[in-house]
Amino acid sequence: MIDRFSLSVAMRHLLYYKGQTLLTMGVVAVSVTLIIFLGSLIGGLQKRLISSVTGAIPHVVIRQPERQPIAVWEVASGQEELYLGERIKLQQQKRKIEDWRLWVERVPSFSENIRAVSPVVESQAFVTRNEKRKAVSVVGMIPERHNGVVDIQSKLVRGRFFGLNGGEAVIGFKLADEFGLSLGDKIRLLSPEGAVGNYTVAGIFDTGFSAVDSGTVYIPLQDAQSLFAVGSAVTTIGIKLTRIFEAEELAQKIALQVPYETNSWMKDNQQLLSGLRAQSQSSNLILVFTTIAAGFGIASIMITSVVTRLREIGILKAIGATNRQILQIFAIEGTLLAFLGAVAGAVQGVALSLFLYSLRTTVSETGRTQEVFPFALTPELVIRAIVIAVVVGLIASLYPAWRAARVNAIEVIRGV
Amino acid sequence: MAEVVCELQHVDKVYEGAVPTPALLDINLQVQRGEFLVVLGASGSGKTTLLNVMGLLDTPTSGKVFLAGSNAAELSEEERAALRSRYMGFVFQFHYLLPEFSVLENTLLPCQIAGGQMVEENRERVAELLRRVGLGDRLSYRPSQLSGGQQQRVAVVRALANNPELVLADEPTGNLDSKNGFAVFELMRFMNRQTGTAFVVVTHDERLAQEADRVVVLEDGRIVKDYVQRPALTHEL
């Protein structure tokens, strides 16, 4: 329990020696500002990096396992099924999911983490216009569903995406520039099998993902099914998650429940992930040292305070203050200083982060802007910084407080 | 027979060191309720040690100290602190008032240490004491706004805040000029008569001894003289 006498002496002391109080608060405030600033900046950078990798792709993909051709003599005895075929044909064979409607309906119930599910027919094709041709990725999808995987609708520069009709295509602005296309222009898609489809450009987008903006053509699902001759099947089902770092775990869970294979973005980006982990660790290290420095700051100021108040402590003990009361005076002071400093630092850190976050810069010819500094400022980060500071403040004041409690009243009163 | 507020029985105090230094030798002393006792002695005679032992700030090497009827050796650190805050008051050579508290708050510190309710119980009485020593219009002043004599008067009132049985004063006039010193001494004498609190005042100023009920003279840690000049006024008077 907090002693009222200790609290009143501590409070009075903090108010009376304003300079010292503000100085100590400043030490804590700077550290907390730094913790919040660095924490949110590094968090933001990571978020931006991850979103640049996963923004335009599903976090988990369901697809038909690839059938690897093997030589007849490699077939283990007792294996029942045997596919024979020419290698060349097999490469062209589509890996299809026929019962996709069933899974599109069921998959969302596997986890509340699933945010969007989109059946897709995806294949390479050529865009041709006049004499020009270019290999692109053609994605046949249902716009309203697929927008949950990659946001095209809000990134449209012109035209529309939702409510796409048969015979219409939506393309990136870079592709449009390259071919000199604008809304209403015709493009021709040529499938690897030689099928041809003609499409009208109905929308032009700028997602910021270079590969998508320059090399992806979105067409309605049914158009893609007929262009790539997959009947009523799709090639993949894409899944977007809320908590993207659970992708691998979820992919494995889904694999157990569907008769297909699954893959997660995490598996394909191992290096990026270990890079991010190293970055997190080094930023944590910076934060730990910042916190320790703040702790030493509080401790040294408190020790000075104990030394300059020796006689005061002695007289309080002589007139009956217990060791516990003296200990509490300094522990309260240290904790209060840390708390007040932390709150001031939090305000500064949040203000600084928000200000820098508000600075925007144009990042593409279409006029799309982006933050100069990506900040991921969360209440958890701010609260954590304050709690850490208060705990460090308490710990840092314990040694000075213990020193104060041990003061020998006679010695200090006699000035020995 | 009058009530005993403090009693020392065969108290020795030896300061350990390369050469052990005896500070007190076989001290036997009883302080009666309401008594005003002056301890005289040259510096190094053991006066302050005697006071510290009586105030439970220091422990004797041998012998017994009784306060409020209890044997101090049998008390815990917490109990000693409680006894200091409720039963005794202290005045030191330097006032050691806390600069961040007002005059009234400083005098109420012993009550605050003893517990919040003591403050309310004693606030009026303490303010009255301050008025009586001529500081009635200075209650909300800071100690730094007072003169040395005024500060020491505040310290005397602080020693009386909890209505103690015994006030121990160590050279209370040592840091004041003779006029102010005498005024502070007179104040203590006055308070002694008013409240019936026993005072033990350590000094090397023999002039002050003339005002005391009883004088104890220390030399090299021994009591060499202990005489009553006039009977102590008991509070019934």
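This is a predicted model: local features need pLDDT of at least 70, side-chain atom pairs count only at pLDDT 80 or more; totals for chains, interfaces and linings use all residues.

Reader: What makes B:Leu56 count as buried or exposed?

Author: A residue is called buried if 20 or more other C-beta atoms lie within 10 Å of its own. B:Leu56 has 23 other C-beta atoms within 10 Å, and it is therefore buried. This residue is found in the loop between H1 and E4 of chain B. Its phi is positive, about 60°, although B:Leu56 is not a glycine.

Reader: Why is B:Asn163 called partly exposed?

Author: B:Asn163 has 18 C-beta neighbours inside 10 Å, so it counts as partly exposed. B:Asn163 lies in the loop between helix H5 (148–160) and E7 of chain B. Its phi, near 55°, is likewise a positive value in a residue other than glycine.

Reader: Which strands form the open sheet of 4 strands in chain B, and in what order?

Author: Chain B has 7 helices and 10 strands. The open sheet of 4 strands has the order E2-E1-E4-E5, with antiparallel pairing. Strand E2 (21–32) and strand E5 (70–71) of chain B stand at its edges, because each has a single partner strand and one side of each is left without a neighbour in the sheet.

Reader: What makes E4(B) and E5(B) a pair?

Author: Two strands pair if at least two bridges are found between them. In E5(B), B:Ser70 is the bridge partner of B:Leu67. Helix H1 (residues 47–54) of chain B lies across strand E1 (4–15), E2 and E4 of chain B, and runs at about 125° to E1(B).

Reader: What pairing does the open sheet of 6 strands in chain B have?

Author: Its order is E6-E7-E8-E3-E9-E10, with mixed pairing. The edge strands are strand E6 (88–91) and strand E10 (222–228) of chain B, each of which pairs on one side only. Neighbouring strands of this sheet are turned by 15° against each other on average, direction ignored. E6(B) and strand E7 (residues 166–170) of chain B run parallel and are joined by 4 bridges. Within this pair, B:Gly89 stands opposite B:Val167 in E7(B). H1(B) also lies across strand E3 (36–41), E7, strand E8 (198–203) and strand E9 (214–219) of chain B, at about 150° to E8(B).

Reader: How many residues does each chain give to the contact between chain A and chain B?

Author: Chain A gives 20 residues and chain B gives 23 residues. H1(A) supplies the largest share of the side of chain A that touches chain B, with 6 residues. By class, that side has 9 nonpolar, 6 polar and 5 charged residues.

Reader: Into which domains is chain A divided?

Author: Chain A is divided into domain 1 (4–54 + 273–413) and domain 2 (66–70 + 94–259). Their centres, taken over C-alpha atoms, are separated by 50 Å. In the contact between these domains, 6 residues of domain 1 meet 5 residues of domain 2.

Reader: Why is strand E5 of chain A described as largely enclosed?

Author: 4 of the 5 residues of strand E5 (residues 168–172) of chain A are buried, so this strand is largely enclosed by the rest of the structure. E5(A) is joined by 5 bridges to strand E7 (residues 196–205) of chain A, and these run parallel. E5(A) is also joined by 2 bridges to strand E8 (residues 216–220) of chain A, and these run antiparallel. A:Val170 stands opposite A:Gly203 in E7(A) and opposite A:Tyr218 in E8(A).

Note on methods. Residues are numbered from 1 along each chain as its sequence is written. Chains are lettered from A and ligands numbered from 1 in the order in which they are written. Two residues are in contact if their C-beta atoms, placed from the backbone, lie within 7 Å. Axes are lines fitted to C-alpha atoms, for helices over the stretch in contact, and angles run from 0 to 180 degrees between N-to-C directions. Ala, Val, Leu, Ile, Met, Phe, Trp, Tyr, Cys and Pro count as nonpolar, Asp, Glu, Lys and Arg as charged, and the others, Gly among them, as polar. Domain bounds come from an automatic or database domain assignment. A residue is buried if 20 or more other C-beta atoms lie within 10 Å of its own, exposed if 12 or fewer, and partly exposed in between; C-beta atoms are placed from the backbone.
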